[in-house]
Structures are given as C-alpha cells and as structure tokens.
Amino acid sequence: METMKIHDVTPNDLPWKIRYDASRCTLCGSCVAACSFRAIEPKVERRRMVFSEGDLPEPKQRFSAVPVIRQAHSVKNYCRGCGICEKVCPNDAIGPVRNQDTRHPIVTRCLAGDSIKRGGRKNLEATVRTLDKLRVGRISQMTDPSLDAQRHTFDMLAPFGRILPAGKLPLKINEQGLLVSDGQAPPVRWIYPVVIGDMSIGALSWRMWEGVAMATAYLNEECGLPVRMCSGEGGVPVRLLKSKYLKYMILQIASGHFGWNRIVKAMPYMTEDPAGVLIKIGQGAKPGDGGLLMAQKVAEHIQAIRGVPKADLLSPPNHQGLYSIEESVQKMFLSFNAAFKFRVPVAIKVAASSTSVSVFNNLVRDPYNIVGGFFLDGIDGGTGAAHEVSLDHTGHPIVSKLRDCYLAAVAQGRQGQIPLWAAGGLGRTGDLAADAFKMIALGANGVFTGRLILQMAGCVGNDMGRCNACNTGLCPAGITTQEPALAHRLDPEKVAQNIVNYFLAMDQELKKLMAPIGNSSLPVGRSDALVSTDRGVAERLQIQYVC
Amino acid sequence: MCRIGAIKSLNYVHPSQALLLMQSQQKGHDNSGFAMVMQDLGGIFEGYKHLPTLSLACTDEGLKLAEDMLHAAGFQRVLQWVPETNPQPGLDINAMPNYVFETFDYPKAYKHATQQEKEELLLNMRLKLRAALEDDDMGFVYSFWPDVVTLKEIGDPRDIGTYFNLWQPDKKFTARVITAQCRQNTNYDIVRYAAHPFFLQGYTALANGENTFYQKNKEFQRKLHHGYIGFESDSQCFLYTLHYVHRQLGWPLSYYKHVITPLPFETIERRDDKEQMLAIRQSLSHLEINGPNTIIGVLPDGTLFTCCDAKKLRPIVIGRSSDTVVFASEVCGINEVLPDRNWETDIYPNEREIVVIGNRLEVQRWKQ
Ligand code: SF4
Ligand code: SF4
C-alpha cells in the first residue's frame with residue numbers, strides 16, 4: 001500500500017481535481033490516452049471488501065486488485081482543467097473540477113525552486129472590461145437615416161503605411177486641372193481592419209499555422225476580405241516566401257531576429273512583396289519581456305527555419321544596440337524599408353504602457369515619415385510562453401492607452417498620419433466585431449487579434465485558468481504543440497473553415513454596427529457614437545456619460 | 001429637414017426673391033430663423049466692390065467697441081448702411097439692437113499690400129472683432145469681406161422679412177448671388193453664428209442634412225487653419241473643407257467632392273487616377289462626410305455649385321431661365337422665383353455629382 005506523507009502533493013494542492021465515477025467507467029482508456037499532460041493514469045488499487053455469506057452476519061474480507069483511473073499527484077503532470085478527458089469519455093465518468101483551495105502557486109515554487117511559466121492569458125482579473133462598459137449610443141434616425149446593413153455597400157478598409165498630410169503629398173496640378181503625381185510617397189496598403197495577430201510558426205503547430213494561412217488566402221481570394229496575417233517572429237516557410245500568398249503576410253521581426261536569415265535569402269526569389277513588415281518591440285501579455293519558446297516546442301522544422309539547435313529560444317527583451325526611438329527609426333526602419341526598396345510599409349508593435357504615448361509622439365514627429373503603423377498591444381492578450389509573474393502582474397489595459405495616443409495625435413492635428421492598430425483582449429467575450437467597432441470609434445484604424453484566432457481553432461483555454469499550457473508543447477487541441485501526435489488532432493481545413501466563417505460573421509456584425517450610426521466607411525475617431533454608463537470611463541475616454 | 005436655396009443671376013436680385021424661394025418650402029423649416037449671404041453686390045454697395053464690408057449685429061456697446069477697434073487698426077469707413085427696420089409689435093423676431101453694414105478702406109499701411117496680405121488682414125480682423133464682442137453677447141460679426149453682406153436672424157422668416165423691410169423689392173439692396181436658409185440648426189443651441197450659410201474668405205457653404213462625421217471633421221479642422229473656429233454647427237465643417245481644399249491646398253473644385261464623399265475603394269481601383277484618389281482618401285479621411293447631405297457652395301469668383309452625399313439622401317433641384325439659375329430643395333421654391341421657365345430643363349443632380357454654375361450661367365455637371 002502507498003504511504004502518503006503530509007508533504008506529498010495531492011490533488012487537493014492542485015488547481016483541478018478529477019471527478020471520477022468508477023461505477024460508470026468501462027475502463028476503455030480513452031481519457032488516459034487523450035490527456036496530453038499525463039495528469040491521469042491507470043492504476044490498480046488494492047481494495048478490501050467485507051462480505052457475509054451466511055444467514056447470520058459472519059463478516060469475511062477479500063482483497064482484490066481493481067483497475068481505476070487516478071489523478072497524478074505531481075506538480076509536473078498536473079491537471080490543467082482542459083476537459084479533454086471529459087470530451088472523450090463515452091460514459092461521462094470523468095472530468096475536471098476546479099479546486100478553490102489550490103496551493104499550486106506555493107507548492108510548485110517550493111518544489112521546483114524556479115519561476116512558474118505558462119502560456120495563455122492573464123488570469124487575475126476576469127472582471128468586466130472597459131469595452132463592456134461602452135455602448136453605441138448615437139443612433140441615426142430621421143435627420144440622418146440609418147443605413148441598411150444588408151443592402152447598402154460599406155467601405156471597410158484601414159490603412160497600413162505612413163500617411164502624409166495633404167499639403168505634403170507629392171501631387172501637382174497639370175494643364176488639364178487634374179492632380180498628378182510629382183514624386184514618391186510612402187507605401188500605403190488598404191487592408192481589412194482586423195489583422196490576424198502575430199503568432200509564430202514555432203509557437204503554433206505547423207498544422208495550425210497552415211490552417212491560419214489557408215484561411216487568410218481564402219478570405220482574400222474567395223470572400224473579398226483583404227485580411228492580413230502577421231507571421232510572428234520566427235520566420236516563414238521558404239515555399240510560402242516564394243509563393244504569391246506572400247502578399248497576404250506581414251513579416252515580423254523581433255529582437256531575436258529568428259527566421260530573418262531565411263527571409264533575407266529568399267528575397268531574390270520573391271514574386272510578390274509581403275503585405276508589410278512589423279517590427280515587434282514589445283508584447284502586451286508580458287510587456288518588457290522578450291520572446292520565449294521552450295525547447296519542447298523547438299521541433300526539427302523550427303530548427304531548420306531558424307537555424308537553431310533544440311534549446312529554449314529566448315528573444316532578448318530589447319533590440320540590441322538600440323537605445324533611442326530616433327535610432328530605431330534610422331536603423332531598423334530605414335534598413336527594412338530599403339530592403340524592400342521602399343515598396344513595403346514598415347510598422348512597429350509596442351506593448352501598451354504608461355510611456356506608449358511618448359513613443360508614439362516621437363514616431364509621429366519623425367521627419368523621415370517612415371513609420372507606417374503603430375501597433376499597440378494591451379495586457380489582456382495571450383502569449384505562447386511567459387513567466388507567470390509577468391503574465392499576471394505586468395501590463396497596461398489597451399482601451400485608454402489607445403485613446404491617449406489618438407488624442408495626442410488630435411492635439412497636434414496629426415491624426416491618421418501613423419495608423420493606430422490595437423489589440424489585447426479584444427474579442428474576449430467572443431464578440432470581436434463589437435470590440436473592434438468601439439476601438440475604431442475611439443480612434444483605432446484597425447485591430448489585431450491572436451488569441452481569439454486560437455479559440456476559433458478550438459483552443460479550450462479560458463481566462464479563468466483553464467488550460468493555458470501553451471508553453472508546454474502539450475496543447476491538447478493540437479494548436480500550440482509540435483508533437484506530431486497532438487498536432488494531428490487538429491484538422492487544418494477545419495481551422496481554416498472556422499476562421500473564415502468567424503470573419504464572415506464578424507464582417508456582417510461590423511456592418512450591423514456601422515449601419516445604425518449611418519456610416520458606410522469606418523468611423524475612426526467617432527467617439528460621439530459611444531456612451532458609457534460608467535462616469536469614470538466616460539471621463540477618461542472623453543465620451544458621453546449616460547445614466 | 002432643412003430646406004436650402006440659392007439664386008445666381010446675370011442681373012441684380014433683391015433678397016425678397018430669396019425669401020419667396022424659401023417661403024414656399026416652408027414645410028421644411030421650423031420658423032426658427034432666416035439667414036442669407038449676398039455676394040456680388042448691387043445697389044448702394046455697387047461702387048465699393050473692392051472694399052471690405054462688415055456685417056454686424058450688435059448692441060450699442062458692441063458697435064462702439066467694434067468701430068474703435070477698426071479705427072485703431074487703421075480702417076477708414078467709407079460707407080455705412082443701416083437697414084431701416086420695422087419693429088411692429090407681435091413680430092416673431094429676436095432682434096439685436098443694431099444691424100450695421102459698413103464698408104471700409106484698408107489701412108494706409110496696406111496701400112501696396114498684396115491681395116493675399118489683405119485677405120489675411122480681413123480674416124484676422126474679423127476674428128479679433130468676434131472674440132472681443134463675444135462677452136455678454138455684445139455682437140456677432142458675420143463677415144468682413146469685399147462685396148459680401150450677411151444677415152442672420154432668429155425668428156419667423158416671414159416676420160424677419162417684415163422687420164427688415166425685405167418683402168418690398170428695391171434697387172438699393174441687391175446682389176447677383178444670394179444663398180439662404182430658413183432655419184436654425186436643430187442639433188445644437190440656437191446661436192446666431194450657427195445659422196447657415198457660413199462664410200469664410202470669399203467661400204460660402206450651406207447644407208441640408210446631418211454631418212455624422214462632425215466630431216472627426218471638427219477635431220481635424222481645428223488644427224488646419226486659424227480661421228476654422230466656432231463649430232456651432234456641424235455644417236460649418238463643409239465650408240472649412242471647401243476652403244481648405246480649394247484655397248489652402250489649391251486643388252480644383254472637382255476634388256472637393258472626392259474629399260468629402262470619397263469614391264468607394266472598388267471604384268477607385270478601376271480608375272486611371274487611382275493613385276491620387278487613394279492619396280486623397282488616406283490623407284484627408286478625417287474630412288469625409290458620411291451622413292446624408294446636400295451642399296450648396298459659392299467660390300470667391302462667384303461660381304455656384306451643389307453636390308450631394310454618396311447615397312443621395314437629400315434632395316436638390318436646379319431651375320434655369322436665360323438670366324437666372326435657382327437652386328432649391330424643392331421644385332415649389334423654383335416655381336415661385338422662375339414661374340415661366342422651361343421646367344423640362346430642370347436638373348435633378350445624381351449622387352456623387354457636382355453641378356457647377358459659372359459666371360455666364362453655363363452649367364457643368366461633373367460625375368465623380
Ligand atoms: S482535464 Fe485535461 S489535463 Fe485534466 S485530466 Fe482531463 S485531459 Fe488531462
Ligand atoms: S488548448 Fe492549447 S492553445 Fe489553448 S490554452 Fe490549452 S495549450 Fe494553449
């Protein structure tokens with residue numbers, strides 16, 4: 001018999017407990033096979049049974065070996081509450097139950113002497129978001145009739161690229177009184193206002209990445225929605241770099257420069273320009289931290305694309321050698337612009353922070369007019385891997401910071417010159433259209449989202465600490481893993497289909513929000529369309545307070 | 001819904017015509033006011049076309065203050081016309097104590113000044129006067145520009161006409177271009193400045209509809225030019241954009257439409273001037289108007305035009321005779337002023353179209 005000591009870890013110390021009903025279990029083994037975390041295991045228990053056979057009680061006992069499913073008592077193989085066991089059990093015999101009394105944060109650190117790492121999203125505040133305190137309150141009627149979302153045409157495109165003020169446009173008037181070009185302006189692309197956020201090919205399983213890329217191509221070529229996908233740091237398969245689909249991809253470069261070697265080498269063979277370049281300075285889910293890809297996920301193809309051994313890959317938190325915004329503009333932007341012969345817009349992604357506005361102001365004043373977009377990422381987003389302490393305790397909400405940047409531009413009469421893109425928990429309630437619309441009305445040109453894309457694909461994680469094991473390489477849904485067996489759980493076609501369908505639904509919903517305010521083009525900065533029942537929010541965002 | 005109207009004629013026209021034009025469309029207004037801008041003046045102002053005329057409604061103190069400021073700045077008055085008012089009891093009018101139309105000669109220092117310098121001086125002087133008279137509602141300075149007078153009043157247009165003796169045509173007070181509206185704006189407070197038409201440095205604009213991009217327009221225009229102030233009405237933005245596109249950027253009038261109602265991306269893709277259209281769309285997206293609107297505008301050279309929003313959600317009709325063109329929201333207005341015209345030649349502009357009336361009344365229709 002097992003001897004348990006009080007310092008042993010038991011399910012009561014862990015965040016989830018397994019509910020198991022031996023009487024329903026047929027021991028088919030599905031749950032054990034499906035649990036990628038090995039949080040449950042088959043066990044044989046020695047059970048004592050007392051019985052009496054005669055007319056009078058004459059207790060006897062029998063010992064028998066009974067096979068059961070038991071929860072692993074380990075801080076390594078602990079249950080993440082993903083519920084895959086419950087999903088695969090034909091008899092409803094098993095499932096995770098949240099343990100309110102968990103000691104997990106303490107025992108894990110005590111036993112490992114190391115900081116806790118995980119993926120997913122911030123789990124501390126699953127409270128009402130600022131966006132949920134906003135409503136579209138200005139409805140057109142009579143004097144400015146609402147539009148018909150079904151019948152009218154809408155112009156839903158957002159700029160990606162540096163925009164010159166009208167007086168500085170290289171235009172002149174010819175003899176016929178027509179405006180004609182007189183010089184070169186920075187490249188600007190008009191794209192769908194929802195960009196698929198940067199998730200690298202190392203963070204996602206190759207099947208997931210393929211599914212997203214497929215969805216992007218389908219949305220562009222079959223649905224007429226010019227949706228762009230950002231590659232994330234870590235490179236792009238060479239075949240894709242050389243294909244016509246490159247035009248739908250925004251290539252990302254971060255401080256680790258992972259994958260850029262391949263990109264640079266592929267440049268002479270590119271038949272299309274990429275949609276843009278996004279220089280990642282910071283990420284909202286773990287601001288101030290660099291990238292982190294655990295060795296578990298550095299599969300062979302990742303090693304090949306990036307030219308690295310199987311080891312933890314850490315991008316530094318900072319771009320080495322860059323100590324000022326001016327410098328970054330000169331070195332990075334100029335070199336990447338030059339690399340693509342000034343045909344491809346180059347934007348920057350920073351984490352929302354108290355200092356974001358100063359960064360933005362600096363870029364807005366940049367005399368080279370070279371920064372083609374300010375991607376601002378807030379705390380509520382997700383990440384592939386991070387130290388839990390950073391994930392839960394650092395960061396800045398996106399809504400007010402986006403608004404601050406927009407109003408800073410307004411104060412200088414420079415709104416729109418560097419398009420603003422925002423992300424960080426958008427679509428957390430599942431309704432991305434509403435969140436996107438509100439952000440746009442507050443001044444964003446568009447939004448980007450990563451985590452919601454995972455959820456479209458079937459991620460079972462949530463904001464209440466369910467799963468969030470993207471760092472382990474054991475994603476039970478096959479999304480953030482490089483284990484072939486797990487990745488094969490994911491059907492790329494289904495992923496693509498879900499994403500396409502979600503975007504189509506969202507597109508319709510965006511129109512459903514634009515129509516009542518009577519606008520057929522994106523209401524960028526139309527904060528008059530929004531109201532809030534929360535006085536603090538209304539004041540902070542400079543919108544109407546209603547009660 | 002507002003009704004708007006404009007008359008452009010080869011001959012001098014009395015404002016009673018503008019009143020008639022608007023009166024017949026009365027259903028469309030709520031009798032909260034009447035305003036008009038008269039350009040290319042006849043009558044007593046005819047001999048002073050090159051000198052600026054101040055249009056001012058004010059209290060006694062306001063008048064003194066304004067005149068002192070103008071004298072201090074070196075302006076010398078050459079003509080004053082105070083309309084004879086008819087303050088009979090029972091009139092629905094919220095009149096100011098004084099209505100003054102005074103023509104001034106430029107300060108001596110400006111004898112050799114360029115046209116541009118004079119234009120800046122006039123604008124700055126008007127802004128200064130406006131700011132000074134703002135306290136205690138001492139007065140409202142509508143325009144200070146050569147060959148232009150502006151009248152804005154709160155009340156029933158019929159009574160306003162009676163008060164200013166505008167119903168009886170005479171030869172003293174006439175113009176070749178008159179734009180008028182019979183209502184105060186409904187979105188905001190009733191303020192004299194909020195009444196259409198709006199005027200800035202030779203440009204006039206008035207509109208029927210609602211500017212749903214008002215907030216965006218306003219936030220952007222505030223920083224574009226020091227003359228873009230007030231924003232008492234969402235329609236002022238149309239004027240400022242006209243001024244910005246045509247005067248500040250120096251683009252031809254046809255591009256005004258591309259700024260306020262940009263072509264859909266799909267259409268842009270198919271055009272030869274795609275590059276320019278996209279450039280306009282991206283740089284001036286904050287000047288777009290996305291609500292339902294019909295706009296009437298006048299350029300400094302007297303060109304009269306109208307354009308509508310992309311979905312044509314507001315009406316406008318253009319009627320013509322050999323010497324007069326009339327724009328009105330409704331045909332009944334034109335019938336009043338030009339009863340004998342050939343109505344078959346009336347123009348009903350389409351969405352995305354600009355109709356332009358030149359100084360010899362030639363008509364141009366520009367499809368976008
Ligand atoms: S919930 Fe997930 S992690 Fe927990 S036992 Fe079931 S399959 Fe394993
Ligand atoms: S299901 Fe996969 S992607 Fe979703 S939280 Fe779990 S590990 Fe991460």
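**The chain A–chain B interface and selected residues**

Me: How many salt bridges does the rule find across the interface of chain A and chain B?
Reply: The model is a predicted one. A salt bridge requires a side-chain nitrogen of Lys or Arg within 4 Å of a carboxyl oxygen of Asp or Glu. Applied across the interface of chain A and chain B, this rule gives a count of 2.

Me: Which residue forms a salt bridge with E210(B)?
Reply: The closest N and O atoms of this pair are 2.8 Å apart, and the cut-off is 4 Å. The partner of E210(B) is R138(A).

Me: Which elements of chain A each supply at least two residues of the side that touches chain B?
Reply: Across the interface, 18 residue pairs are in polar contact, with both residues at pLDDT 80 or more. On the side of chain A that touches chain B, at least two residues each come from β8 (171–173), β9 (179–181) and α11 (398–411).

Me: How do the residues on the side of chain A that touches chain B divide by class?
Reply: In the contact between the chains, 45 residues of chain A meet 33 residues of chain B. By class, the chain A side comprises 23 nonpolar, 17 polar and 5 charged residues.

Me: What share of the area buried between chain A and chain B do carbon and sulfur atoms give?
Reply: The two chains bury about 3,200 Å² between them. Of this area, the part given by carbon and sulfur atoms is 56%.

Me: With which side chain does the side chain of R47(A) make a polar contact?
Reply: R47(A) belongs to strand β2 (residues 40–51) of chain A and is partly exposed, with a relative accessible area of 35%. Not counting residues up to four places away in sequence, R47(A) touches R62(A), F63(A), S64(A), V66(A) and V68(A). The polar contact, at 2.5 Å, is with the side chain of E45(A).

Me: Which residues come nearest to ligand 1?
Reply: The shell around ligand 1 has 10 nonpolar, 2 polar and 1 charged residues. Of the 13 residues around ligand 1, those that come nearest are C35(A), C79(A), C82(A), G83(A) and C85(A).

Me: How many residues of each class does the shell around ligand 2 have?
Reply: Among the residues around ligand 2 are R121(A), C459(A), C467(A), C470(A) and C475(A). By class, this shell has 7 nonpolar, 3 polar and 1 charged residues.

Terms used. Residues numbered from 1 in each chain as written. Chains lettered and ligands numbered in written order. Predicted model: local features only at pLDDT ≥ 70, side-chain atom pairs only at ≥ 80, totals over all residues. Heavy atoms only, no water. Near = heavy atom within 4 Å. Nonpolar A, V, L, I, M, F, W, Y, C, P; charged D, E, K, R; others polar. Contact = heavy atoms within 4.5 Å. Buried area = accessible area lost by both parts, 1.4 Å probe. Polar contact = N/O pair within 3.5 Å; in protein donor to acceptor, adjacent residues only side chain to side chain. Helix = DSSP H or I, 4+ residues; strand = E, 2+ residues; numbered from the N terminus. Buried < 20%, exposed > 50% of the residue type's maximum accessible area, 1.4 Å probe, protein only.
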